[in-house]
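Subject: Structure for you to look over

Hello,

The structure we spoke about is below. Please look through it when you have time; my notes follow.

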Amino acid sequence: MKHERLLDPLHGAEDAVVGLGTWKSAPGQVKQAVLAALDCGYRHIDCAAAYGNEQEVGGALSLRVGSGKALRREDVFVTSKLWNTKHDPEDVEEACRTSLAHLGLLPGPVPHALAHGLPAGEGADASEGRWKYFYSDTHYRDTWAAMESLVDEGLVKAIGLSNFNARQMDDIISTARHAPVVNQVPSGSYVNDHLPPPLTVTEHTHLLLRSVAVCLTAYSPLGSGDRPWAAPDDRSLLTDPRLAAIARDIRKHRPRIQQNMQVLDFSLSEDDMKLLESFNCNQRLIVPAVERDGKRVWRDAEHPHFPFNDPY
Ligand SMILES: NC(=O)c1ccc[n+]([C@@H]2O[C@H](COP(=O)([O-])OP(=O)(O)OC[C@H]3O[C@@H](n4cnc5c(N)ncnc54)[C@H](OP(=O)(O)O)[C@@H]3O)[C@@H](O)[C@H]2O)c1
């Protein structure tokens, strides 16, 4: 996870530039991961109700953060996300309080809440041998208004978006009382689907966010190789030999979490950057996909608020 350094409009939170993601972090492991991250300097922990492990993350935070502990609450940038089944304005506050309680962060107001973005609501129905998804008509503008009340009440310090495209973000900003402070979007070498030259989508998104003073958080920068919906023939960034060739020059020998914190102490040559840009294959692999009529399609593409039908 990486914040764009220049744009944290909140606290000048330089230390929060690199974050620890907690998705798919298994029970019994995520606590150790968060402790290791805090101990080696991470100040941004990215959580979500949907990851099912906020209580364990809270266990780690309680050992390191707060009165008499190594870190003050205001030093740590904790993000949680309102899952898609909780976007109805009636549900927003309770969902937020539940996350805060799990994270051990009540009473507030340190964490940052994000609307998770994708429009699906989950429901279990195995009758056809697969999960069925139930969709809600809640408009994201109404969800946003309910999230603004969380700031008014002092429950959260700031609110943001995740998986919103440029049009949706403009839509929010045009009516917001509290502007989004971040938009957390997938950003990596396989999703640079090119706009008319010279801008890639990633560059365009960066420029756009800069122009409206919204910070970008890049998620799945390494291609999220273990995402649950991966197809066997999907490309895999982490095993891409071209990436391995670049990495060979900057290889580090430290435990993974520590090693990733050191992403700011080296730079890539212009040639390496060009090579990385050339990985573009116009594929958004981090969007949940399913098989329909023998074709692999985005699961939620027909929802009116699905963000990835727009070019960016
Ligand atoms: N807002 C959203 O909708 C959304 C969606 C997806 C993800 N996210 C956030 O972004 C975080 C990261 O995304 P992600 O897990 O999907 O993808 P990712 O960061 O692109 O990839 C994670 C994978 O990379 C491996 N890895 C990490 N550092 C490495 C290194 N230095 N060398 C080799 N392999 C390395 C990890 O292995 P190990 O596990 O062995 O370290 C893991 O298998 C999530 O935890 C979550 O917080 C948000």
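Histidine 139 is found in the loop that runs between strand E7 (132-135) and helix H4 (140-152). In UniProt, an unreviewed entry has the annotation "binding site" covering His139.

Please keep in mind that this is a predicted model. The mean pLDDT of the chain is 80, with 77% of the residues at 70 or more. Two stretches need care. Over residues 3-12 the pLDDT stays under 50, and the model has 22 contacts beyond four places in sequence for them.

On the chain as a whole: its secondary structure comes to nine helices and 12 strands. It has 312 residues, of which 35% count as buried. Among contacts in the chain with a separation of 6 or more, 70% are between residues 24 or more positions apart.

Next, the ligand. It is surrounded by 22 residues, and the closest are Gly21, Trp23, Tyr219, Leu222 and Ser224. By class, this shell has 12 polar, seven nonpolar and three charged residues. Helix H8 (residues 256-261) gives the most to the shell, with three residues.

Serine 224, one of those closest residues, has a phi near 45 degrees, which is a positive value in a residue other than glycine. Serine 224 lies in the loop between strand E10 (215-219) and helix H7 (241-250). Serine 224 is buried, because 20 other C-beta atoms lie within 10 Å.

Asparagine 163 is not a glycine either, and it has a positive phi of about 65 degrees. Its place is in the loop between strand E8 (158-162) and helix H5 (166-175). With 24 other C-beta atoms within 10 Å, asparagine 163 is therefore buried.

One more asparagine is worth a look. Asparagine 84 is in the loop between strand E4 (77-82) and helix H3 (89-102). Asparagine 84 has 23 other C-beta atoms within 10 Å, so this residue is buried. From C-alpha to C-alpha, asparagine 84 and alanine 50 are 8.7 Å apart in space, while 34 residues apart in sequence.

Regards

Notes. Residues are numbered from 1 along each chain as its sequence is written. This is a predicted model: local features need pLDDT of at least 70, side-chain atom pairs count only at pLDDT 80 or more; totals for chains, interfaces and linings use all residues. UniProt positions are given in the numbering used here, feature names are shortened, and annotations may be inferred rather than shown by experiment. Helices (H or I, at least four residues) and strands (E, at least two) are DSSP runs, numbered from the N terminus. A residue is near a molecule or strand if its C-beta atom, placed from the backbone, lies within 6 Å of it. Ala, Val, Leu, Ile, Met, Phe, Trp, Tyr, Cys and Pro count as nonpolar, Asp, Glu, Lys and Arg as charged, and the others, Gly among them, as polar. A residue is buried if 20 or more other C-beta atoms lie within 10 Å of its own, exposed if 12 or fewer, and partly exposed in between; C-beta atoms are placed from the backbone. Two residues are in contact if their C-beta atoms, placed from the backbone, lie within 7 Å. pLDDT is the predictor's confidence in each residue, from 0 to 100.
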